[in-house]
Structures are given as C-alpha cells and as structure tokens.
Amino acid sequence: MEKMRLFKTIKQSPRWEYAKRMWYKFSRSPLSIAGLLISSVCIFIGLFAPYIVPYPEHGGLFHNFEDRFIPPFQNSSYILGTDYYGRDVLTRTMLGFQYSLMMAGTVLSLVVVPGVILGLVAGYHKGRWVDTVIMRISDVFIAVPPLVLALGICSVLEPNIFNAMMAVSLMWWPWYARLTYNVSSAMRNEYFVQAAEVMGASTFHIIFKEILPNCLGPILTKVTLDVGWVILIGSALSFVGLGAQPPTPDLGTMVATNAEKYMPDFWWTSIFPALGIAIIILGFNLLGDGVRDMFTE
Amino acid sequence: MNSNINTMIVVLLIIAIITPSAITAYMIGTVNNRLSSIEDALKPPPAPTKLLRVGFAWPTFIDPAVGSDYSSSTAFANLYDPLVFPTTTGEVKPWVAENWTVSEDGLTWTFTLNNTITFHSGRQLKADDVLFSMERLITIGEGYAYLFSPYVNLTTSTAINDYTVQFKLKKTFGPFLITLARLYIVDKEEVLAHIVQGGTYDYPPNGDLARGWLLTHDAGSGPYKTREVVLEDHVYMDRFDNYWEEMKPNSPDEIRMLALAVPTTERTMLLKKELEISSQWLPEEVLAAVSKAGLVAGDYPGGDMFYFMMHCRKPPLDDVHVRRALAYAMDYEAVVDEIYLDNPLAQCVVPISLGGATELTMYRRDLTAAMEELQQSKYWPDIGDNPENYEIEVDWCAEVPAEEGVALLFAESAQEIGLKVKVVKTPWGKMIVDMADQDLSPHVETVFVAAHYAEAGALLETRYHSKAAATWEQNEWLLNETLDAMIEDALSTCDMTERYQKYAELEQIILDLCPSLFLFDHLVKHSYQPYVIWPSVLGESIPVMGYNIDGRMIEVIPPE
Amino acid sequence: MKMKTYIARRLGFALFSLLGLSILVFYLARVIPGDPVLMMVPPGTSPDVIEALRQRLGLKEPLHLQYLFWLGDVFRGDLGFSVYTQRSVTNDVLEYLPISLELVVLAALMEIAGSFLLGVLAGTHAYKWPDNLVRIASYIGISVPAFVWAIVFQLIFALQLSLFPTGGLLDSQYMDVIRARRVTGFTSLDSLIAGRFDAFVNFVWHATLPALALCIGGMAQDARIIRAGMVENKEKEYIAMATSQGLPQRLVMFKYLLKPSIIPAVTVMGMDIAAMLGNAFLVEKVFRWPGFSQHAIAAMLRSDLNTIVATVIVIGIIFAIVNIITDIMVAYLDPRIRLMEKGE
C-alpha cells in the first residue's frame with residue numbers, strides 16, 4: 001500500500017531509519033535517559049517487589065507493637081523506620097510501588113484509547129452533531145465529583161481496588177477526550193489535513209495517520225503526568241473507605257492516613273511513601289518528555 | 001495583538017502575586033492612620049481575659065430536643081439547666097428542681113422548683129417552662145426523648161402552680177429521677193416567639209417548635225449564652241452574668257467550641273496556644289508528643305465500653321461454646337498495652353462506674369480454656385479441620401482508625417485457636433445500615449456504646465433488650481423474651497437496692513451467655529494547656545456525657 | 001457565528017447535560033450505603049418517630065416521584081432539606097459556597113500567573129538551567145497531594161515560623177464585624193463593602209496558605225504543559241520563517257509562539273480550576289476553612305441525599321461555565337476556529 005507523501009508525515013521513513021532517528025532525538029537530553037532508567041527501576045520494583053523486600057509479610061495483616069515508630073536510619077533491621085503497627089516502611093513503600101503502578105497502568109490503559117479516539121472524532125467533526133454529543137457526554141462525566149461516582153459504584157459492588165479502578169476510569173476518560181478534542185480541532189484546518197481531504201483520503205486515514213501523530217505530544221505528556229494523578233486519586237478514595245482496603249500497601253493511602261495524624265512527629269511514615277510517589281512521577285515525566293521530544297522535529 | 005498578551009501576563013502578575021502587597025503598600029502610603037490597623041490585622045488578636053477554646057467533631061446540635069451526642073451534650077451542659085444535676089457518683093442533686101416527692105405507686109412525681117432562676121431572655125423560669133420542655137422533647141421525639149416517651153404521660157402531667165410541676169408516668173420506671181438530668185429547661189415564650197409554620201418539620205399547631213431558630217440560638221438559662229453559631233465550624237458562647245448559681249472565680253468569659261477534624265491542625269493550634277482543650281480524637285502518639293512540649297494529658301472515664309458484638313444467630317457464633325472460646329482466646333492485655341493505652345479492662349458487662357454494675361469474673365486470656373470450649377461446640381471437629389468454612393467477619397469503624405489494631409489482635413488471637421477471621425474496614429454509615437438488618441449484620445461489629453444514664457440498667461436495656469435489636473447499639477440479635485422480661489422488671493423496680501440486685505443477676509446471666517466480648521471501659525483522653533484547671537481530669541469526673549466540659553467548673557488562668 | 005449565539009447555544013447544552021447529570025446523581029445518591037434518618041437520630045429513638053421522619057423528608061415515595069418533586073422545588077429555588085444540617089440546602093449553599101469560591105478564585109489566579117511565568121521561563125530557555133530548575137520544582141509540586149502540602153505549609157509557615165495563621169477565615173475580632181454586616185457572603189467583598197481594609201488584608205493573609213496548597217499541583221502541571229507546547233512549536237516552520245524575516249525574538253516569542261502553545265494548557269487549566277472546588281475538601285479541613293467542599297463530603301458520608309445532589313449540580317454548573325470560558329479562550333487564541341465557525 002503506497003503511503004501518502006506529505007511534508008508533515010513522519011512515517012514515510014523506512015522503519016529502521018525511523019527508529020534510529022527516534023532514539024537520537026530521545027537521547028539528546030540526558031534527563032530523558034535518566035527518566036528511562038528511573039521508570040525502569042520503578043517498573044522493576046513493581047514487578048518483583050514481593051521477592052526483594054526484606055519483610056514480605058509486612059504487606060499484609062501484620063503487627064508487632066514492640067517495634068512501632070522506630071525512626072529511620074537508626075536501626076539496621078528497619079532502614080526507613082516502622083509505622084504504627086511496627087511494619088517496615090521500606091517494605092511497604094516498595095510493595096506500594098507494585099500496587100500503585102498496577103492501578104495506574106490499568107486505569108490508563110482503559111482510559112486513554114477510548115478517550116483519545118472520541119476526542120479525535122469530535123475534533124474532526126467539530127461543529128457538527130457528533131462533536132456536540134461526544135463533548136456533552138464527556139461534560140457530564142467530568143462534572144460528577146469523583147467521590148460521588150466512586151461511592152455510588154463501590155456501594156453497588158464490593159468496595160475493593162478493582163471497582164475503585166473502574167470508578168476512576170469512568171471519570172478519567174473525558175479528560176483525554178477533551179484534550180484531544182481541543183488539540184485536534186485546532187489542527188483540523190491545517191494545510192496538511194486539507195490536502196489529504198482534497199486528495200480523497202478516507203476519514204479513518206486522516207484522523208489516525210495525519211492528525212493523531214501530531215496530537216501525540218500533549219497526549220503523551222498527559223499520560224506520564226497522569227500516572228501520578230491516578231495514584232493520588234486512589235489515595236483520596238482510600239480516604240473515605242473505598243479503593244485500597246487496609247492493610248494493602250497503597251502509596252497514596254499511606255501518605256494520606258499517616259500525614260494527617262503523624263506529621264511531623266513520625267514524619268517517616270508519610271514522607272517516604274510520598275517520596276515513592278515522587279520518584280515514580282519523576283521517572284515517568286522525564287521519560288514522557290523524552291518521548292515527546294521523539295515526536296518533535 | 002502581541003501587546004495584548006504582554007498586558008495579559010503583566011495584569012495576571014499584578015493580580016495574583018502582587019495584589020496583597022500592593023494593597024498593603026497603597027494603604028500604608030496613602031493613609032497614615034490605617035498603618036496601625038494593618039499591623040493589627042497581621043498580629044494575633046488580643047484574647048478576652050479568659051477564653052476556653054475546645055475542639056470538637058461536628059455535628060453539634062444545640063437544640064436540647066434534637067442533639068444527643070458528645071458535642072451536643074456539652075453544649076447543653078453550658079447553655080441550659082437540667083431539672084436535676086448529676087454528681088461524680090452518678091446520683092443527682094437538686095438543681096432547677098429544689099426537692100421532689102414520689103407517690104406510693106411510683107407513678108406520680110412532684111417537683112418544687114427553684115424560684116430564683118432567670119433565662120437569658122430575662123424571664124423567670126417557671127413550672128410552665130418545665131412542662132413545656134418535656135412536651136417539646138416528646139413531641140419532636142428525637143434527641144433524648146426516648147428516655148421519657150415510653151414513661152411520661154403528657155396529658156395528665158401538669159403545672160400545679162408557678163413553681164410546682166407534676167409528672168405522671170404510664171408505668172413505673174426506677175431510674176426516672178436520674179434520667180431527668182437530660183431534661184433541659186427551655187424558655188417557653190422565647191421558643192413560641194420563634195416558631196415557623198409550613199416547613200419540613202411541622203408539629204401543629206406550633207409549627208416547627210422553633211427547631212430552625214434553635215439551630216443557631218439558645219433559649220436557656222445556663223451559665224453561658226450563644227453569641228454566634230456557624231454550623232460545622234464553631235459555637236461561641238458568652239458568660240451569662242445573671243446566672244443563678246455560683247461559678248468558679250476564674251471560669252471562662254467565653255467558650256468556643258471549634259470543629260476540628262485533622263490531628264495535625266489540632267496539634268499546631270495546641271502548640272501555638274490557640275486551643276485550650278483538644279478534642280477527644282487525638283491519637284495517643286500525638287498526645288504523647290505534645291505533652292513533651294508542655295501540654296498536659298488528662299483523661300476521665302467516658303462511661304462507655306468497647307464491645308465486640310457477636311451475632312448470636314449466625315454460625316458459627318450461634319454456638320455459645322464458640323463465643324466463649326473466642327472470649328478466652330482474646331488478648332485483652334495487648335489491647336490496653338498497645339492501642340488503647342491504660343484503659344481499664346472491663347470488670348463487668350457494663351462499665352463498672354455505672355450504678356448497679358457489679359464486679360464479675362470476666363473472661364481473660366486462657367488458651368487452654370479456649371480450646372476446651374471450642375471442642376465442646378457442635379461444630380467440632382469440623383471447625384478445627386476446615387476453619388475456612390467458618391470464617392468470621394469483623395467489621396470495624398472506618399472513622400476510628402485505632403479500632404483496626406484491636407480487630408487485628410482479635411484476628412491473631414482467633415488464629416491461635418485455629419479459627420479464621422476476616423477484618424473489614426467499614427464506614428459508619430454502612431455499619432448503621434448493616435446492624436439494622438439481621439441478615440446484613442456481620443459476625444462481629446466493634447462499637448463503643450455509652451450508657452444513656454448513669455445506671456447499669458440503661459446499658460443492659462440498650463445492649464440486650466430486643467426492642468433495640470435493630471439499632472447500632474446491638475448486633476447480638478438475642479431476641480430472648482425471658483431476658484427482655486427480666487430487664488423490664490428491673491427497670492420498673494422503684495427501690496434502688498432491689499433494682500441493683502436485679503441488675504447483678506442479669507449481669508451474671510449475660511456473662512455466661514457471652515454474646516459479646518467485653519474489652520475495656522473507655523478512657524476519654526484530652527490534651528490541654530497547663531494554665532487550665534480542669535476538675536474532671538483531676539479525679540472529679542461526672543459519669544454523664546457532656547458534663548465534663550462545663551464552664552462553671554473549669555478555670556482558665558492564662559499566663560501574662 | 002457570533003459570540004452571543006455561541007454562548008447561548010453552549011448554555012443550552014450545559015443545561016441539558018445538567019439535567020442528565022441530576023438524574024444520574026439522584027439515582028447514585030440513593031444507592032450510596034447509609035440511611036440518613038438512622039444517622040440523624042440516636043439509637044433509642046422509637047420506630048414511630050423514625051417512620052414519621054422518613055415521611056416528612058419524603059423518603060418513602062418511589063424514586064421517580066422523589067425526583068420530580070425535587071425538580072419542581074429546584075425551579076422555585078428550593079434545593080430541599082438537609083438532614084445533615086437540619087435546614088434548607090439552599091441556605092447551606094448560600095453560606096458555604098461563596099467561601100469556597102473565594103479560595104478557588106485566589107488559587108486559580110495564583111495558578112494561572114504562576115504556571116505562565118514558570119512555563120514561559122522554562123520554554124524560552126529550554127534545556128538550560130531555568131528549564132531544569134522549573135522541571136524539578138514541578139515534579140515536586142505534582143507528586144505530593146494538595147492536602148499534604150497544606151499540612152506541610154501549616155507546619156512550616158504557621159507553626160514553625162509563625163508567619164501565617166493556622167486556619168480559619170479571619171481573626172475573631174474581624175469576624176464579628178464582617179458577619180454582622182453580611183451582604184454578599186464573600187468575606188473579601190463584605191469587608192471591602194464595610195470599609196474595613198484591615199479585615200480584607202487579614203482575610204487575604206488567612207487565605208494565602210490554603211490557596212497556595214490548592215494550586216501548587218495544578219501550577220506545576222500546567223507549567224510543564226506550557227513548556228512542552230513552546231518547545232514543540234518552537235521547531236515549527238512558521239517560527240523559523242518569522243525569525244528568518246528578522247522579527248525581534250521577543251515579538252516572535254510572545255506573538256507567534258505563546259498563543260498556540262498555551263491552548264492545551266488552557267484546556268487543562270480550566271478543568272483543574274473547576275475540579276478544585278470539589279477536591280478542596282481536605283485542604284479546607286486542614287485550614288478550618290468552612291467551605292462548600294468539606295461540607296459536601298461530610299454530608300455525603302452521612303448520606304444526606306439532597307446535599308449530594310445539590311453539590312453535583314452546583315459543581316456541574318461551575319464546570320459548564322468554566323468550560324465555556326475555556327472554549328471561548330481557545331477560540332480567541334486560535335483564529336482558525338473562529339473563522340471556521342463563521343464559515344459554517
């Protein structure tokens with residue numbers, strides 16, 4: 001199948017050349033490499049946490065009240081200290097990586113594709129009824145406060161992490177639809193799109209092969225940022241009793257419940273999980289910047 | 001066009017970041033005499049001489065016919081006068097009622113009133129007001145009405161003269177006098193002057209009986225009167241100078257009840273001396289931490305007990321031997337050593353401080369005895385071989401995080417005798433709904449339950465009488481008619497000694513039946529400033545909820 | 001199409017989606033666990049009283065009838081009765097909403113200004129040290145939840161350094177004055193109307209920390225998006241052309257580069273700010289800010305159905321308004337959209 005040669009389309013390059021060029025653009029910035037490394041470490045921890053943590057049982061129903069609230073850096077058995085139940089903070093933070101990344105990954109994979117597709121379609125057909133319908137529906141879902149939606153769903157179904165993820169996904173997709181809509185509708189009247197239309201390219205081709213690649217920048221940036229937001233929303237849900245049920249080590253929950261009570265006297269119980277979130281966000285954002293650089297000329 | 005963008009940025013800068021300082025600079029620059037007020041605006045305010053600021057959880061309903069929880073009861077104690085006043089022993093002393101007589105059959109109570117009491121409105125307190133208060137309470141039916149509605153006959157109760165009121169009862173009620181500590185006297189004319197017709201609440205012919213107005217005002221005679229009430233945020237009360245009774249010399253000029261929900265904020269306020277008494281919800285560790293910074297940790301018995309309520313109709317807990325096995329397996333010491341520090345272990349099936357509570361030999365940790373009991377149950381040996389078929393679910397209240405620790409200890413103890421326990425965090429709203437339905441109720445609910453008045457019978461009734469089975473104060477579903485009859489009989493006994501004896505019998509029966517785990521008598525803990533002299537935490541606490549933060553008795557001597 | 005028609009059309013759609021939203025939430029609210037009447041009264045209350053209460057509060061009607069009654073009331077300005085506060089929901093909304101709005105407006109202004117500054121700074125000096133500094137600062141800003149910032153700010157600036165108050169709207173001596181002369185319900189406006197500039201300053205002083213805590217996350221995110229947009233568009237041909245034609249760099253930067261770069265940021269900013277109202281509850285709790293968000297969450301946990309629905313409607317209205325404003329701004333920033341609309 002012959003591809004259209006338009007001055008904006010990147011994909012005309014043969015594959016290997018293309019890949020090499022991408023990597024070059026990515027690796028121009030040392031920060032992007034750092035991002036790649038950090039996110040890889042995070043994913044590695046996420047995958048193998050139960051096997052590498054010092055006290056795997058601390059992720060479950062465990063308590064050892066004699067060893068509670070040990071400060072960090074003082075005890076070789078508990079490097080980052082212990083919490084109210086005597087559980088090792090390092091262990092729970094690392095297990096939290098697994099849990100939180102899994103949640104973010106699930107939600108985003110459920111949300112990004114439908115949201116982006118809907119936004120593209122609405123943006124391409126801007127001003128027509130398709131646009132209106134899609135955007136108004138997304139308005140409704142955006143406007144429902146996340147907690148109400150989550151409460152409603154989690155009360156019909158069991159209050160557990162899976163259903164919380166469903167609830168979060170339901171309220172998340174409109175953001176992608178909206179962002180894609182705004183970016184693609186701005187792009188809709190660029191010359192390259194009009195040229196493709198004139199040349200008789202199918203709508204499918206135009207949307208996915210012309211417009212989409214040029215929207216990828218803001219979308220990817222948002223995806224990398226959202227890894228962090230999903231984790232934080234998860235913590236807000238846990239706060240009202242949904243989402244992660246105790247004693248599941250969810251980073252956001254650990255930050256929320258411990259910051260409220262034990263700051264600043266027992267700061268390590270909330271600061272280290274918060275650092276965990278920060279590291280995940282840092283890694284994925286740097287990675288995302290590099291990815292976006294790949295798509296820039 | 002580009003200058004528009006530039007202008008936009010500059011304008012935004014000015015608005016968002018420079019505005020506060022610009023205004024300040026402008027005012028300092030243009031008007032000299034505003035200078036001092038700006039400085040004042042940024043300084044901490046000068047506090048009135050004696051200010052008592054206390055932390056509370058919301059909601060607080062200051063209407064004595066509507067509120068019934070801890071914060072509401074504290075407001076009542078300061079804004080209103082009850083008919084009789086509770087003492088440290090739980091018995092009551094004359095207050096609005098100076099003396100009283102009871103008829104032979106126990107159905108007619110005649111009270112002679114103190115004639116020196118004036119309301120905040122300036123009117124004299126008369127028998128009409130007392131009668132009206134009872135009528136209003138029972139008509140509205142919420143708050144503490146349940147203490148009186150089954151017993152007081154409104155149609156035959158009268159005000160005999162200006163200072164004598166007579167209550168007639170439908171049936172005898174032994175503890176009647178004590179419950180009158182919850183009858184707060186409202187100013188009848190003041191209430192009737194503020195009724196609103198045609199709202200959601202309608203009690204013909206008196207409209208809403210001033211429910212709307214009494215949300216943010218008071219119609220009382222108590223030592224303090226409301227100055228400002230902002231729902232969910234604060235209740236400010238000023239001292240009532242014409243109060244009929246004596247108040248301690250350094251008692252506060254103003255009491256502020258502040259809604260506090262976040263422990264770190266409370267901690268900051270305590271350390272900055274913006275709060276005199278903390279709420280009762282500070283975690284133990286925070287209490288310890290602020291104590292090191294000069295604050296004082298005080299406690300008093302809350303009059304409530306922490307129960308593990310076992311569903312006696314849900315297998316395997318429908319077998320008394322299984323219940324006893326759990327009672328013997330539980331590690332009670334660990335609970336009060338690790339989580340609810342220093343709370344005294346239960347000595348009776350109700351808090352020992354209640355009148356008529358007798359010391360019993362309670363279940364204590366004994367794994368051998370536990371196994372023996374378990375082996376006598378009808379589920380043995382299957383329950384030993386396949387514990388996962390008999391999984392016991394424990395629901396703890398999400399709003400009280402410390403309960404999780406106790407639930408975990410219970411799970412661990414059960415595991416030591418081979419039983420499987422599932423621990424579930426449950427929001428309060430769901431708990432209430434679950435406990436209203438026999439099928440929805442889980443195996444075990446963990447709840448603090450307080451006695452409604454300072455007698456064992458109060459708690460025996462709410463905990464084990466079937467009419468309260470669907471409330472959140474019960475999860476046992478005993479529905480035992482014999483027990484019901486015994487409780488009713490005890491409550492209608494007018495002679496106190498006899499009544500207490502019947503309580504003792506009931507207590508032993510319940511202990512043997514073991515429908516609940518009796519953990520500890522709750523100690524309410526507060527952190528407070530060293531310049532506050534607070535009798536309740538110094539050993540003189542009153543076993544009735546709300547009377548321990550009483551402006552009459554607390555003295556505030558702020559350092560210079 | 002003209003601006004007025006555009007706005008009118010959008011408002012019409014907004015109303016329509018609000019209606020749909022109200023139905024959705026009405027149903028959801030009834031499905032939430034918890035019985036509002038049981039939570040309202042003490043456990044000993046007689047079942048007759050409880051039943052009577054249910055009757056009074058209209059909880060016994062079938063669902064669709066309840067909805068219709070409610071809808072009828074709304075058109076008369078009556079949002080129903082709140083079992084949580086024991087008075088009309090309209091009353092609650094009028095009391096608490098302005099307080100939250102003030103906070104959100106201040107936070108929004110801080111966010112817009114801050115993210116512009118940081119984003120432009122980072123974008124125009126891409127890959128150099130200001131860019132990296134902004135990036136690192138923004139990671140820290142995003143990764144910590146708003147209420148943790150609230151606690152940290154409170155501990156540092158209010159406790160340790162005593163530069164700001166611990167919480168509340170105003171110091172008590174101003175509170176008495178302002179409340180007595182309430183006109184709008186907005187503390188800032190009321191104090192200006194009452195001629196008390198000192199009260200106004202005191203209010204801004206109290207509002208600074210919570211507003212900052214609220215907007216930092218969004219500010220960090222938006223700065224990054226603006227920066228990303230600028231970096232991306234910098235490479236575009238039309239920029240190269242403008243530069244090659246000898247236009248001064250500053251002109252190129254602000255006229256040609258900034259406008260398209262901020263389109264995605266404006267979108268996200270709009271949604272962030274609208275979401276702030278609903279998400280502010282923990283920050284409001286920490287700073288004892290008696291706002292709408294913390295009231296709504298508390299009522300939700302007590303199954304106060306009318307407040308739940310009213311909250312969603314109010315937030316829905318605000319979202320719709322903010323979305324319309326955002327769309328207008330995007331149309332302004334991208335003339336092609338306007339032209340296209342005209343052409344249709």
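Here is a short tour of this predicted model, one selection at a time.

**Stop 1: chain A.** Show chain A as a cartoon: you will find ten helices and zero strands. Of its 297 residues, 62% count as buried. Colour the surface of chain A by element, and carbon and sulfur atoms take 69% of about 11800 Å² of accessible area.

**Stop 2: helix 1 of chain A.** Select residues 15-27, then pick Trp23(A) and Phe26(A), which sit three residues apart, about one turn of the helix. Is Phe26(A) buried or exposed? Phe26(A) counts as buried, at 4% relative accessibility, while Trp23(A) is partly exposed at 47%.

**Stop 3: an aromatic cluster.** Staying in chain A, select the cluster that includes Phe65(A), Phe69(A), Tyr84(A), Tyr262(A), Trp268(A) and Phe272(A).

**Stop 4: the largest nonpolar core.** Move to chain B and select Leu83(B) and Phe167(B), the residues that touch the most other members of this 355-residue core. Helix 10 of chain C (residues 197-234) supplies the largest share, 16 residues. Apart from this core lies another of eleven residues, among them Tyr236(B) and Leu258(B). Around Phe167(B), look for contacts including Leu107(B), Trp109(B), Met134(B) and Phe176(B).

**Stop 5: one more charge over a ring.** Finish with Arg211(B), whose charged end sits over the ring of Tyr201(B), 3.5 Å from its centre.

Technical notes
Residues are numbered from 1 along each chain as its sequence is written. Chains are lettered from A and ligands numbered from 1 in the order in which they are written. This is a predicted model: local features need pLDDT of at least 70, side-chain atom pairs count only at pLDDT 80 or more; totals for chains, interfaces and linings use all residues. Side-chain values use heavy atoms; hydrogens and water are left out. A nonpolar core is a set of buried Ala, Val, Leu, Ile, Met, Phe, Trp, Tyr and Cys residues joined through side-chain atoms within 4.5 Å. Buried means under 20% relative accessible area, exposed over 50%, partly exposed in between (1.4 Å probe, protein chains only). Helices (H or I, at least four residues) and strands (E, at least two) are DSSP runs, numbered from the N terminus. Contact means heavy atoms within 4.5 Å. Accessible areas come from the Shrake-Rupley method with a 1.4 Å probe; for residues, only the protein chains shown count as cover. Rings of Phe, Tyr and Trp (its six-membered ring) pair if their centres lie within 6.5 Å; planes under 30 degrees apart count as stacked, over 60 as edge-to-face and the rest as tilted. A charge sits over a ring if NZ of Lys or CZ of Arg is within 6 Å of the ring centre and within 35 degrees of the ring normal. Lists of a residue's contacts leave out its neighbours within four places in sequence.
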